[in-house]
Amino acid sequence: MINKIITSRFFSGISFYSFLPFYSIYLINYKNMIESNVAIILFIFLFISRACSLFTHYIIDYIGYKLTLILSYLMASVSILSIYVINSFSFLLLASAIIGAGFSIANVCTSLFIAENNNHSERVKNFSLLNVAVNISSAIGGVIGEWFYHGFYSGIIMLPAAVMLASSLYSCTLQNIKQSKVNSKNEEKALSTFAEWIVFVCYSSMSFFMIGLILRNLAFHFEVNNNETIRYVSVSSLFALNAAIIIFLQIKSTSLLSAQRTDLQIFIYKLSLLVVSVLLLIFNFQSALSMYLLIVLFTLSELIWSPYNNSLSIDKCPFKNKKLSLSICIFFWGLAESLGAYMGIIANSYQLHFLIPFCSFLILIFLFCIEGLLTKRKRNENDYISGV
């Protein structure tokens, strides 16, 4: 069952990455929209594509994984196709919200099914496999999307709609179950306090903010900053490099990291977040070498935090229902990603390359210090109780 769900996620990933990176350029060049309206549409799209995580588990409880995937993929397919004939800003905003909802419900459905695994190491392993599948689809989708962008604008709409329809049809082959047998095992005593969980949600969201800032606007940044002196660089080549690193190194890096001490794992995880936050302090988008290094360093960090963010959201859950923590985290991650995508379009060069990454770095340091104080206080309280 889990392999089929990951496969359906692979198909939807092709649709997502052939559509989203070029969506803003499509709206500007083909729908003649101004950048401020495009930024709003992209914000709403990404926000809704995460916000629906808050109630996706209720949908699954009611109709099951199979029907949830079928309907969400079908909803996204029809809405993507409608963009071809829509020109009104209001209707484009509505269509984008529905597309985001379709992607959100389907993707969260996949993550929640993996979260049913009660063992941390198994969750990390399966989330790593999911990350590999998503990045293979991102490479394929990016190449196809760029080919359509340069040769056939309508393909940016037609292909994603067709792939989502295929995903819906493929989901019909899934077993018709509502809830995993191991779900009851998730009803355990909370291991973290609510304050510790809040701090985790805040610092894990920073990586998604940077995703929105960089990767979700990669085609936009490339077109705005590109000049004819840059050779051997294209949006698809950058996505392919990102995907190739994850495909070949994700499983190995996860296995290597899992073999280390827990405190070392957490240190490396937090270090990867700090690296992501300062990337734009170093690089610019007018150098081929700089753009490739940007993607390489970003991807090496993603190898670490991508599976760990998902699994730690379960481990640090302050609620009895572990999946509720992941659903809420996905919502806030989406909010951060949406904000990053919005700011990536409207920010000037100084804000993008200095102010935003510098502030992000300081925020992370502050949050890590707060978490350290909370952990130390809890340890002292436990020592006192055990001493009594």
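**View A. Contacts of Ile40.** Ile40 touches Phe89, Leu93 and Tyr342, not counting residues up to four places away in sequence; contact means heavy atoms within 4.5 Å. The model is predicted: local features need pLDDT of at least 70 and side-chain atom pairs pLDDT 80 or more, while totals for chains, interfaces and linings use all residues. Residues are numbered from 1 along each chain as its sequence is written, and side-chain values use heavy atoms, leaving out hydrogens and water. Ile40 lies in helix H2 (residues 35-51); helices are DSSP runs of H or I with at least four residues, numbered from the N terminus. With 34% relative accessibility, Ile40 is partly exposed (buried is under 20% relative accessible area, exposed over 50%, partly exposed in between; 1.4 Å probe, protein chains only). Ile40 and Leu93 are 53 residues apart along the chain, and their C-alpha atoms are separated by 8.2 Å.

View B. Asn242 is buried, at 4% relative accessible area. Its side chain makes polar contacts with the side chains of Thr299, at 2.7 Å, and Glu302, at 3.4 Å. A polar contact is a pair of N or O atoms within 3.5 Å; within protein, one must be able to donate a hydrogen and the other to accept it, and residues adjacent in sequence count only if both atoms are side-chain atoms. Residues touched by Asn242, not counting those up to four places away in sequence, include Asn135 and Ile295.

**View C. Helix H1 and its bend.** H1 bends by about 50° at Tyr23, the angle between axes fitted to the seven residues ending there and the seven starting there. In H1, 20 of the 28 residues are buried.

How values were computed:
Helices (H or I, at least four residues) and strands (E, at least two) are DSSP runs, numbered from the N terminus.
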